[in-house]
Amino acid sequence: MSFLVNASRSLLSKLIVNVPAGLRQLSSSSLVLSKRPPDSLRGYRRDGSVKSDVFQEEKTLPVDTDAVYYGGAMQPTEETFKRLFDGVRYDQLPILYIKASRNNTIITLTDHKGQPVTNTTCGMVGFKKAKRGTTIAAQTVGMEMAENAKKRGFPNIRVIIKGLGPGRSTVLKGLQLGGIGIVSITDNTSYPVSGVMQRPRKQRRL
C-alpha cells in the first residue's frame, strides 16, 4: 500500500532530522519494502484469507535522504550558479517577477541584471473587472508571457513570485503549458516577523 511507503518515508525523515549533520551520510541508502497484502478486496477470499498469487515481490526503492530532509526540494549550493541550462549559466538566466494579488496577476520579465524586457497583466490579455482575479486569467497570462519570452530567445527562466492571490499556482502552470522552462522558483512573499501584525481596518460608521 502507498500508506506503507509514506509511513516508512516519514519515519526515515524523523530519524534523519535527529541525526547530526556530520553523520548524515545516507545519500546512497535504499528503502527495502517486503511483500505486502493486496491493495483491493479482489486479493482476498470469501473466508478472509489472502490469495497467494497477489503478493507483490520485494522491491528496493532508492531514497534521496537530502530531498527527504529538505522537504523534497533541491536546495541551491555554491555550484548552482555555475550550472549550464541550454548553454547559459544560472546567474545569466532572465528573471520573471510574478505579483499575485487578490484582484490581479502582474508578470514582468527582466534580464539577469534586472532591466525590464516586457510585462503583461490579466487586463492586457482581455479580462476585465472581477474576472482579472480568477485562476483562468492567471493561467492565460502565464501562457502569453511564455510566448513573449520564447520570441525574445528566452527558453529558460528563473521565477520570483510574491503574493497569495488565486493565480499564484495557475500562472506557473500557464508558463509550463506555454513551453517555457522554469529553472528555479523563489517565494518572496512578505510575512509578519516577531508578532508584528497588519493594522486592522477602520471601524465602519453607521
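Which residues does L172 touch, not counting residues up to four places away in sequence? The answer is I98, V159, I182 and I185. Keep in mind that this is a predicted model. Besides that contact set, the briefing walks through the salt bridges, whose count comes to three.

**Around L172**

- You'll find L172 in helix 4, and that helix covers residues 170-177.
- L172 counts as buried because its relative accessible area is 15%, and the cut-off for buried is under 20%.
- Sequence and space tell two stories for L172 and G142: they sit 30 residues apart along the chain, yet their C-alpha atoms are 6.5 Å apart.

**The D187–R168 salt bridge**

- D187 pairs up with R168 in a salt bridge, and the closest N and O atoms are 2.6 Å apart.
- D187 is partly exposed, with a relative accessible area of 47%.
- R168 is partly exposed too, at 23% relative accessible area.

**The E147–K150 salt bridge**

- E147 and K150 form a salt bridge in which the closest N and O atoms are 3.8 Å apart.
- That distance makes the list because the cut-off is within 4 Å.
- Both residues lie in helix 3 (residues 135-151), and they are three residues apart, about one turn of the helix.
- On the accessibility side, E147 is partly exposed at 36%, and K150 is partly exposed at 37%.

**The D91–R89 salt bridge**

- D91 forms a salt bridge with R89, and here the closest N and O atoms are 3.0 Å apart.
- D91 has a relative accessible area of 25%, so it's partly exposed.
- R89 comes in at 35%, so that residue is partly exposed as well.

**Background on pairing**

- Side chains of opposite charge can pair when their charged atoms come close.

Methods:
Residues are numbered from 1 along each chain as its sequence is written. This is a predicted model: local features need pLDDT of at least 70, side-chain atom pairs count only at pLDDT 80 or more; totals for chains, interfaces and linings use all residues. Side-chain values use heavy atoms; hydrogens and water are left out. A salt bridge is a side-chain nitrogen of Lys or Arg within 4 Å of a carboxyl oxygen of Asp or Glu. Buried means under 20% relative accessible area, exposed over 50%, partly exposed in between (1.4 Å probe, protein chains only). Helices (H or I, at least four residues) and strands (E, at least two) are DSSP runs, numbered from the N terminus. Contact means heavy atoms within 4.5 Å.
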